[in-house]
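Hi everyone, thanks for coming. Let's take a look at a structure together and go through a couple of its details.

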Amino acid sequence: MREELLFLDRDAVRECAARVDLCAVTEEILRRHAEGRTHLPPEGYLPWTNTEGAYCRSLAMLGSIDAQVGHPAAYGVKLINAATSNPAHGRERAAGISMLFDPETARPTVLAEAGWLSAARTAAYTMVSLRHLGPADWDALTVIGCGTLARAHLDLLAGAFPGVAQVHLHDLDRTRTRVLAGWTHEHHPRLRVRVHEDTEEAVRAAPVLLTTTTTDKGYIPARWLGSGTFVAHISLDDLLPDVFSTAQALYVDDVSLVAENPRRVLGRLMGQGNVLPPSHSPSSGAGRALEGTLGQVLTGAVPAVRPSTGHVVSNPFGMSLLDVGLLTEVRRVAEAEGLGQKLSLF
């Protein structure tokens with residue numbers, strides 16, 4: 001018996017994704033996760049150091065979404081690898097592949113380039129969090145870190161928030177900042193771009209802050225964040241612990257995912273008891289509790305707190321469920337339009 005799978009390279013993934021409402025699909029998956037209609041196993045994690053002394057890692061992220069009327073269950077995996085030395089050689093820091101599995105036979109049915117969709121998935125999560133937790137009125141944002149993730153965010157921002165007029169950019173690599181500024185001028189000319197050489201100045205420049213760096217050392221203190229600031233802490237360790245302890249509200253994508261990952265600052269704070277699970281009543285001197293997840297906000301299980309008297313932090317760790325769900329929608333478009341290539345396994 002011959003078995004085939006559908007292969008989607010980056011161009012095919014992007015072409016199909018252009019016909020998918022990434023934010024709407026992301027919202028629906030987050031709701032279903034909050035309602036317990038998904039399965040999210042622990043991540044597989046393999047670290048090493050390459051011959052240049054750079055940190056490398058491989059993440060294997062499985063996930064499934066239960067069936068609903070008109071849609072079968074979705075099962076899949078994302079394998080996403082990264083080396084911190086890649087950008088210096090002109091490569092994107094992270095890249096990988098995603099697969100979908102047949103619900104009945106468990107055979108892989110789709111193999112797709114994962115790097116672009118992973119960045120788009122992260123950006124869609126940020127747009128949803130801004131829609132429900134961001135400032136009531138804002139027209140400018142700051143992006144710290146001007147690589148692939150930053151570009152994905154600005155691409156979605158233009159459509160999700162047409163009222164935003166100003167973008168502030170900062171990166172320790174000034175060439176990368178100039179490149180992103182030029183790309184933004186070309187692709188989203190209505191956005192006014194200001195480049196900042198000073199980190200603190202950039203952070204203070206707007207009421208919305210996105211961190212899309214690769215740093216593993218915190219550098220943003222709470223005192224840099226004015227009242228009414230929303231922080232999308234997308235990367236690893238940009239925020240110092242006092243940003244979390246003094247936050248007006250703090251949301252994640254999945255509490256267990258955060259608690260089980262001491263490689264990131266919020267996971268370490270939870271392990272130390274400085275940040276507690278939602279609905280936890282801290283004793284005197286104990287840490288502050290999470291408000292809950294963005295999915296719980298969408299279902300109404302926890303209140304949505306927008307920044308007013310202080311700052312609000314959204315800190316997603318990245319759920320494979322979103323990759324599986326978005327790739328499922330991309331696959332539907334590919335099959336309907338005859339896009340992609342058929343690969344024979346045997």
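Please start with two helices: H1, residues 10-17, and H11, residues 320-337, pack with their axes 9 Å apart, at an angle of about 95 degrees. That angle makes H1 roughly perpendicular to H11. Do keep in mind that this is a predicted model.

Which residues meet here? From H1 we have Val13, Cys16 and Ala17, and across from them in H11 are Val330, Val333 and Ala334. If we sort this contact by class, there are six nonpolar residues, no polar ones and no charged ones.

Now let's stay with H1. Its buried residues are Ala12, Val13, Cys16 and Ala17. Looking down the axis of H1, you find these buried residues within an arc of 130 degrees, so they line one face of the helix. As a reminder, an α-helix has 3.6 residues a turn, so residues three or four places apart point the same way.

And what covers the buried residues of H1? The cover includes H11 again, along with strand S1 (4-8), helix H2 (22-34), strand S7 (108-113) and helix H3 (115-133).

One last stop: Ser58, which sits in strand S4, residues 55-65. Is Ser58 buried or exposed? Its relative accessibility is 12%, and the cut-off for buried is under 20%, so Ser58 counts as buried. The Ser58 side chain also makes a polar contact with the side chain of Asn81, at 2.7 Å. Beyond its close sequence neighbours, within four places, Ser58 is in contact with residues including Gly44, Tyr45, Trp48 and Leu79.

Note on methods
Residues are numbered from 1 along each chain as its sequence is written. This is a predicted model: local features need pLDDT of at least 70, side-chain atom pairs count only at pLDDT 80 or more; totals for chains, interfaces and linings use all residues. Side-chain values use heavy atoms; hydrogens and water are left out. Axes are lines fitted to C-alpha atoms, for helices over the stretch in contact, and angles run from 0 to 180 degrees between N-to-C directions. Helices (H or I, at least four residues) and strands (E, at least two) are DSSP runs, numbered from the N terminus. Angles under 35 degrees count as roughly parallel, over 145 as roughly antiparallel, 65 to 115 as roughly perpendicular and the rest as oblique. Contact means heavy atoms within 4.5 Å. Ala, Val, Leu, Ile, Met, Phe, Trp, Tyr, Cys and Pro count as nonpolar, Asp, Glu, Lys and Arg as charged, and the others, Gly among them, as polar. Buried means under 20% relative accessible area, exposed over 50%, partly exposed in between (1.4 Å probe, protein chains only). The arc is that of the directions from the helix axis to the C-beta atoms. A polar contact is a pair of N or O atoms within 3.5 Å; within protein, one must be able to donate a hydrogen and the other to accept it, and residues adjacent in sequence count only if both atoms are side-chain atoms.
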